[in-house]
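Trainee: Please take a close look at the ligand site in this model. What surrounds the ligand, and what lines the space it takes?

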Amino acid sequence: MTIRLEESTDWHTIYSIYAASFGQSAEADLVRSMNSDGDLILSLVAHADEPAGHIAYSHLGLHETPDVRACVLAPLAVVRSFQKRGIGTALVRHSLKQLVEAGYDLVVVLGEPDYYGRFGFDPKLAEQLKTPYDGPYLQALALSDRGRAAHGPVSYARAFAELK
Ligand SMILES: CC(C)(COP(=O)(O)OP(=O)(O)OC[C@H]1O[C@@H](n2cnc3c(N)ncnc32)[C@H](O)[C@@H]1OP(=O)(O)O)[C@@H](O)C(=O)NCCC(=O)NCCS
């Protein structure tokens, strides 16, 4: 199996991926709202024999360190029948490389530390921030020295407030 990754806001494909991994469309709705609000930074689709996974990043505002370019990783999903074949890892690694190239300093994610820890995400770094999701599942990854200095209150993209 080869994986092809492409930047995409092909909604039919993105909705089908979330339906086949989470069994619901709330995460695809989130991506679509972030896009229409102008908050979507990156949207990547992994294709195996068919669309197999998706990852998105959105703008994160830092009030006390506004020179830090930060973003939120969410959502991420791999279609159940394609899980545990490295597609999630490929999506995360490829997208982080693109964010470094684009000059981002910091990425924040809410998820399983056992999963995101393998990419270097760290709950300790996230403790410097004040977010609506503070706790052990909030993790951050610095992509630069500036990112390591980020602290204080943050603003997520508006669409997160609509998530149930
Ligand atoms: C989490 C997810 C994106 C991983 O994608 P994937 O393509 O299966 O992942 P990979 O094949 O790259 O990596 C698989 C590894 O991740 C581990 N893993 C998968 N889900 C995990 C989880 N929730 N917590 C901890 N580890 C997890 C697997 O055990 C496996 O470990 P191993 O490499 O030691 O065997 C995918 O399982 C998924 O879409 N799950 C449902 C949606 C979801 O939970 N998304 C948000 C994640 S917070």
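**The ligand and its pocket**

Mentor: In this predicted model, a backbone N or O atom of Arg85 lies 3.2 Å from an oxygen atom of the ligand. Taken alone, the ligand exposes 870 Å², and the protein buries 66% of that.

The shell around the ligand holds 17 residues, and the closest are Val78, Lys84, Gly86, Gly88 and Thr89. Strand S4 (70-78), helix H3 (87-101) and helix H4 (113-116) each give at least two residues to this shell. Sorted by class, the shell has seven nonpolar, five polar and five charged residues.

Now the space itself. The ligand takes up the largest pocket, which holds about 730 Å³ of space. This pocket is lined by 29 residues; Phe22, Leu76, Ala77, Leu110 and Tyr116 are the closest to its centre. Helix H2 (26-36), S4, H3, strand S5 (106-110) and H4 each supply at least two residues of the lining. S4 provides the largest share, seven residues. By class, the lining has 19 nonpolar, five polar and five charged residues.

Methods: Residues numbered from 1 in each chain as written. Predicted model: local features only at pLDDT ≥ 70, side-chain atom pairs only at ≥ 80, totals over all residues. Heavy atoms only, no water. Near = heavy atom within 4 Å. Polar contact = N/O pair within 3.5 Å; in protein donor to acceptor, adjacent residues only side chain to side chain. Areas by Shrake-Rupley, 256 points an atom, 1.4 Å probe, with all protein chains shown as cover. 1 Å grid on protein atoms, 1.4 Å probe; cavity = no way out; pocket = protein on both sides within 12 Å on 5 of 7 lines; lining within 4 Å. Sits in = over half its atoms within 2 Å of the grid points. Helix = DSSP H or I, 4+ residues; strand = E, 2+ residues; numbered from the N terminus. Nonpolar A, V, L, I, M, F, W, Y, C, P; charged D, E, K, R; others polar. Points joined across faces, edges and corners; volume = space filled by probe spheres on them.
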